[in-house]
Amino acid sequence: MGGAPNNSKGLNVYENSFTSSSVSAFGAAFGKAVQSGTPFPQAIEQNKGLLQKASVAYIKPEQQKAFEVGYKGLMMDKLLIDVNYYYSSYTNFILNTVVIQPSNPILGSDGQVTTASATDIPNGKVHAFQLYTNAPDKVSAQGASAGLTYLLNGGYALGGNATLSVFNLRNANPNNIAAFNTPKWSTNATFGNSNVINDFGFNAAWHWQTAYDWYGTFNGTRPGRVDAYSVVDLQFSKKLPKLKSTVKLGGSNIFNNRIYQSYGSPAIGAIYYVSIVFDDLLK
């Protein structure tokens with residue numbers, strides 16, 4: 001649900017809802033009490049104090065300040081170096097937060113949680129909403145990458161790079177969700193030659209990345225795990241100078257590893273292709 005007042009008009013979500021973490025704590029304590037023999041009404045009264053009213057503000061514009069520095073150079077006409085670093089800080093970083101709205105008003109005239117609203121939770125008379133809000137503290141993201149490409153004899157090139165990405169939510173509210181959805185580490189290694197013999201060439205690449213937690217609108221505060229994976233890409237090419245074109249035959253993920261790039265998405269296997277690229281048609 002959007003963070004502007006008109007988006008939630010008439011739903012009373014921002015005004016009458018519990019935090020998802022307090023509902024989880026209440027549910028666990030209530031269930032334990034009932035299992036130990038405490039009557040249903042008494043278990044509600046004993047544990048309703050664990051419930052907390054959600055205080056979610058409507059969103060403000062997000063602001064970002066970024067700094068980036070890098071270096072690229074060729075050494076000894078053989079070694080290409082490419083390194084860079086970036087740092088971004090956000091004010092009013094836009095987040096998602098999950099709230100639970102019961103059917104009954106959550107607070108009584110005395111400012112305490114009502115028995116009726118607490119009873120709605122085990123009775124299933126609640127709705128979960130995911131709202132947009134802002135992080136109360138500054139949020140930062142930073143990363144660095146380094147790559148090397150070595151030019152070998154005969155036109156061969158061997159390369160590799162690694163990228164580090166870090167997100168810092170600082171004093172995070174457990175109800176807030178930052179959908180950074182980026183692996184901490186990812187690496188690539190390549191080896192190829194565009195003209196091995198008679199304008200025939202090839203390029204091989206290996207990619208690997210670490211596992212990470214993926215947040216989306218449908219899985220709320222329970223992240224889905226995207227496992228670490230590696231894939232191999234391979235491509236062969238043939239230049240056709242008279243036609244000013246190049247024919248390419250190759251595949252991505254040629255060993256058909258079934259990988260997930262986001263939680264809840266279908267598994268992706270191999271993709272094989274044939275293409276023709278025309279160059280310098282206007283010359």
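Predicted model: local features only at pLDDT ≥ 70, side-chain atom pairs only at ≥ 80, totals over all residues.
1. Let me start with Ile254. Leaving aside residues up to four places away in sequence, Ile254 touches Val232, Leu234, Ala270 and Tyr272. Ile254 sits in the loop between β14 and β15, and its relative accessible area is 22%, so it is partly exposed. The cut-off for buried is under 20%.

2. Mean pLDDT for the protein is 90, with 93% of residues at 70 or more. Among the elements, strand β10 (residues 200–209) has the highest mean pLDDT, at 97. At the other end is strand β8 (residues 176–177), whose mean of 66 is the lowest. I'd keep that value in mind when looking at β8.

3. Asn253 is in the loop between β14 and β15, the loop that also holds Ile254. Phi of Asn253 is near 55°, a positive value in a residue other than glycine. Asn253 has a relative accessibility of 5%, so it counts as buried, whereas Ile254 is partly exposed at 22%.

4. Asp199 also has a positive phi without being a glycine; the value is near 70°. Where is Asp199? Look in the loop between β9 (185–197) and β10. With a relative accessible area of 24%, Asp199 is partly exposed. Strand β10, at one end of this loop, is the element with the highest mean pLDDT.

5. On the surface, have a look at the nonpolar patch formed by Phe236, Val247, Leu249, Val274, Ile276 and Phe278. Together these residues have about 570 Å² of accessible area. Which of them gives the largest share? That would be β15, with three residues. Leu249 belongs to strand β14, and its relative accessibility of 48% makes it partly exposed; exposed would need over 50%.

6. Is Ser17 buried or exposed? Its relative accessibility is 1%, so it counts as buried. Ser17 lies in the segment before β1 (18–19). Its side chain reaches the backbone oxygen of Val13 at 2.8 Å. Not counting residues up to four places away in sequence, the contacts of Ser17 are Gln52, Lys53, Ala54, Val99, Ile100, Gln101, Pro102 and Ile106.

7. Last one: Thr38, in the loop between α1 (20–35) and α2 (40–47). Thr38 counts as buried because its relative accessibility is 18%, and the cut-off is under 20%. Which residues does Thr38 touch, not counting those up to four places away in sequence? They are Ala33, Ala43 and Gln46.

Terms used:
Residues numbered from 1 in each chain as written. Heavy atoms only, no water. Patch = residues over 30% accessible without salt bridge, like charges linked within 9 Å, V, L, I, M, F, W, Y side chains within 5 Å. Areas by Shrake-Rupley, 256 points an atom, 1.4 Å probe, with all protein chains shown as cover. Salt bridge = Lys/Arg side-chain N within 4 Å of Asp/Glu carboxyl O. Helix = DSSP H or I, 4+ residues; strand = E, 2+ residues; numbered from the N terminus. Buried < 20%, exposed > 50% of the residue type's maximum accessible area, 1.4 Å probe, protein only. Polar contact = N/O pair within 3.5 Å; in protein donor to acceptor, adjacent residues only side chain to side chain. Contact = heavy atoms within 4.5 Å. pLDDT = per-residue confidence, 0-100.
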